[in-house]
Amino acid sequence: MRKLSMALLLIMCVIVSACGGGNNAGNANSGTSESGAPAGSELSSTEPVQNEKLIVYTNANSDGRGEWLMEKAKGAGFDIEIVGAGGADLTNRLIAEKNNPIADVVYGLNNMLYENLKKEDVLAKFVPSWAGDVEQGLNDPEGYYHGLVKQAILLGYNPNEFTADTAPKDWTDLYKNDAYKGKYEAPTLLGQNTPRLIVAGILTRFQDPNGDLGISEEGWNEIQQLYDNGVSAVEGEDFYANLASGKTPLGALVSGTLQQKEEQYKVKAGIVSPEVGVPMVVEHAALVNGTKKQATAERFVEWLGSSEIQGEFAAEFNAMPANTKAVEQANDSVKELFTSLKPQDFDWAFIAENMDLWAEKIELEIMH
C-alpha cells in the first residue's frame, strides 16, 4: 500500500511539472506578459476596436477633397462627418466650443491658426507614429499638430510681360523699383490667409521689441510703400485671370492651384524665388482637446497622415506632402517646384500673436 501511495505521488509530481514547466509563476503575479507589456495591454488588444463616428473640422474639403477623404476613410473602416468652413471661421468656432467640444479632429489649418488654438487650450497633445517622417521643422515642436500638405505662397509673373531677368527678385522689389509700380496686386483682402502671409513675410524681417506691434518704423514704412505702389485686389476677382490678361501681371499665387490655373488660362506663370525664401504654409492635423472618442480619433489621425494616404492624396490633387515617405507619389511638376523653393523662416507664435493687430493697423492707418 505504501509503495502504491509513493508511486501515485511521483506520478502527480510529474504531471504538475509537465503542466507548469513552461510557465513563470512569477510572471503570473507580476502583471506583465512574456513580451514585457502590461498584462492589461494584451487583454485590451483583443477587445473589439471602438469605432465611434468622428466629427472632423477642416478648411481643406473643397474641390472634391472632402468627398475623396470620406470615401477613403469609409474603406478603412472609419465613420466620419466632415464639417467644412474657412480657416478663420473654424478657428473661432473651435475656440467658442472649447468648453464643450463638438469636433474630435481638425485638419487643414495652417501654423498660424493652430498656434491660436494651442494658446486657447483647444488642442490635445498627440504625436502620431508618422510624425518622424514629416520634413524637419514643419511639425509643432510641442507635439500638438503635425504636417500633412505643404503650400507655398509665391510671387508670380506673366511671362509675356517679364522674363526671369526683368521680373522682381523679391516682394520688396515691387515697391522699391518704379518698373513695377501699378503692375502688381497689393494684398488688400486681409480677411484671407494668403494676403496676410504676404504681409507677414515682409513685416517679420523688421522685428523690433520696441517697435509698434513688434515691428520697427522702417518695417511699417515698407508696408506703406507696398500699398502705395500696388493695385488693390477686388474681392471675387480671380487674380490669375488678371495676371494672364496683363491687367496686373505680378502678384501672389498658391502652389496647390498652379496647375489648374495654368490649364484654365493657358498661361504658365513665371515664379520668383527670393533669397530670403517664400512663405510656406503647412496644413496640419490635430486632436481636439476634450474629445470623448480619443482612441478612435488617434487611430484616424494615424491613418490620415500615413505615407500611403498622403501619397494617394498628393497624386490625386497635385499636392506636395509633408510626409517625406509620400513625396515620391507626388506629381513631377510639384516636386520640381518645391525643389526650387526655400521656406522663409517664420516665428509662427509671433505672427499668430500679432497678425490680427497688424491687419487692423494696415486697414485703418495705411490702406486709406
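Helices (H or I, at least four residues) and strands (E, at least two) are DSSP runs, numbered from the N terminus. The model shown is predicted, so local features need pLDDT of at least 70 and side-chain atom pairs count only at pLDDT 80 or more, while totals for chains, interfaces and linings use all residues. Residues are numbered from 1 along each chain as its sequence is written, and side-chain values use heavy atoms, with hydrogens and water left out.

**View 1. The second largest cavity is lined in part by strand 5 and helix 14.** A cavity is a set of points, on a 1 Å grid over the protein atoms alone, where a 1.4 Å probe fits but cannot get out, and its lining residues have an atom within 4 Å of a point. Strand 5 and helix 14 (332-339) each supply at least two lining residues, and helix 14 gives the largest share, three residues. The space in this cavity is about 40 Å³, where a volume is the space filled by probe spheres set on the points, which are joined across faces, edges and corners. Among the lining residues are Lys-150, Gln-151, Asn-318 and Phe-338.

**View 2. The largest cavity holds about 120 Å³ of space.** Helix 4 (65-75), strand 5 (146-157) and helix 13 (307-317) each supply at least two residues of its lining, which includes Arg-65, Trp-68, Tyr-107, Glu-283 and Phe-313. The lining divides into nine nonpolar, one polar and two charged residues, where Ala, Val, Leu, Ile, Met, Phe, Trp, Tyr, Cys and Pro count as nonpolar, Asp, Glu, Lys and Arg as charged, and the others, Gly among them, as polar.

**View 3. Phe-300 belongs to the largest nonpolar core, which has 47 residues.** Such a core is a set of buried (under 20% relative accessible area, with a 1.4 Å probe and protein chains only) Ala, Val, Leu, Ile, Met, Phe, Trp, Tyr and Cys residues joined through side-chain atoms within 4.5 Å. Val-106, Tyr-107, Tyr-114 and Phe-300 touch the most other members. Leaving aside residues up to four places away in sequence, Phe-300 touches Leu-54, Val-56, Leu-69, Ala-73, Phe-78, Ile-80 and Val-105, a contact being heavy atoms within 4.5 Å. A second, separate core of 39 residues includes Phe-162, Tyr-180, Leu-190 and Ile-198.

**View 4. Helix 8 (residues 193-203) is mostly covered.** Nine of the eleven residues in helix 8 are buried, and among them are Pro-195, Arg-196, Ile-198 and Leu-203.

How values were computed: Buried means under 20% relative accessible area, exposed over 50%, partly exposed in between (1.4 Å probe, protein chains only). On a 1 Å grid over the protein atoms alone, a cavity is a set of points where a 1.4 Å probe fits but cannot get out, and a pocket is an open set with protein on both sides within 12 Å along at least five of seven lines; lining residues have an atom within 4 Å of a point.
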